[in-house]
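I opened a structure I had not seen before and kept notes as I went. Here is what I looked up, in the order I got to it.

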Amino acid sequence: MDASNQTANPIPVGPDEKSTSVMVYTNSSLYWGEVVTKNMIRVSTWLRTNAAPDRIALHRARSLITTSAQLIKPITYTEVNLSISQVLAFHIAPPGKDPVDFDPTEMNRKMEPVTCQVGSFLIKGKIRMATSADLRKYLEIAREAYTALYDAEITNILLPTIGPIQTPYVLVRQDQTVFAQ
């Protein structure tokens, strides 16, 4: 997006709000742009909370089709509205990040390495779980829409030139993700 378009279309941020750059993954595309949330919202965990929207409004957005092995020029938008049901993965765009959302000294917890396939994306990261659990047990018990992966590396099977993307925290839609060890 050129600078004149960004100036002509400012992001509507209120006095108690902030704008954060994020990346959103769907079955067919990768989107990136800026979301507006209340200042107190931790954007990285936003979709796991009661404050999660029904639609994500991405300002100054771009999208890249990820279902072809041919890299196509990104499409630019002033605003894109994505239904939350389409969102397969979500994270703050690097280098941005939130503070960790857990106590690293908490007893009886471990970080279990995992590889996830989300559409045409492979995500290698870690799931935080009880030391007595394994991946299968965790997935049976954790009945949540989005599962958190830590220290993730994201690549695309069809388009290796767009990765790897490194992020400390990514959410994946549990019912649309293949988990492997």
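**Entry 1: what kind of model.** Before anything else, I noted that this is a predicted model.

**Entry 2: the elements.** I counted helices and strands, and got 2 helices and 10 strands. Then I read them off along the sequence and wrote down α-β-β-β-β-β-β-β-α-β-β-β. So much for the outline; next I wanted dimensions.

**Entry 3: overall dimensions.** I looked up the span of the C-alpha trace along its principal axes, and it is about 55 × 40 × 25 Å. How does the radius of gyration sit with that of a compact globule? For 181 residues such a globule would have a value near 16 Å, and the protein has 17 Å, so the two agree. I also checked contacts between residues with a separation of 6 or more, and 62% of them join residues 24 or more positions apart.

Entry 4: The accessible surface comes to about 9,800 Å², and carbon and sulfur atoms own 51% of that. As for the inside, 41% of the 181 residues count as buried.

**Entry 5: the cores.** Which residues touch the most other members of the largest nonpolar core? They are Tyr-25, Ile-123, Ile-127 and Leu-149, in a core of 27 residues. At least two residues of this core come from each of β1, β6 (109-118), β7 (121-130), α2 (135-141), β8 (146-156) and β9 (165-173). The top contributor is β7, which gives 4 residues. I also found a second, separate core of 22 residues, with Val-43, Leu-82, Ile-84 and Leu-171 among its members.

**Entry 6: a closer look at Tyr-25.** I listed what Tyr-25 touches, leaving out residues up to four places away in sequence. Among its contacts are Leu-30, a run from Gln-86 through Val-87, Leu-88, Ala-89 and Phe-90 to His-91, and also Phe-121, Ile-154 and Ile-165.

**Entry 7: Pro-10.** I finished with a loop residue, Pro-10, which is found between α1 (3-8) and β1 (17-25). Is Pro-10 buried or exposed? Its relative accessible area is 58%, and exposed means over 50%, so Pro-10 is exposed. I then looked across to His-59, which is 49 residues apart from Pro-10 along the chain. Their C-alpha atoms are separated by 8.9 Å.

Definitions and conventions
Residues numbered from 1 in each chain as written. Predicted model: local features only at pLDDT ≥ 70, side-chain atom pairs only at ≥ 80, totals over all residues. Heavy atoms only, no water. Buried < 20%, exposed > 50% of the residue type's maximum accessible area, 1.4 Å probe, protein only. Rg over C-alpha atoms; globule rule 2.2 N^0.38 Å. Contact = heavy atoms within 4.5 Å. Areas by Shrake-Rupley, 256 points an atom, 1.4 Å probe, with all protein chains shown as cover. Core = buried A, V, L, I, M, F, W, Y, C linked by side-chain atoms within 4.5 Å.
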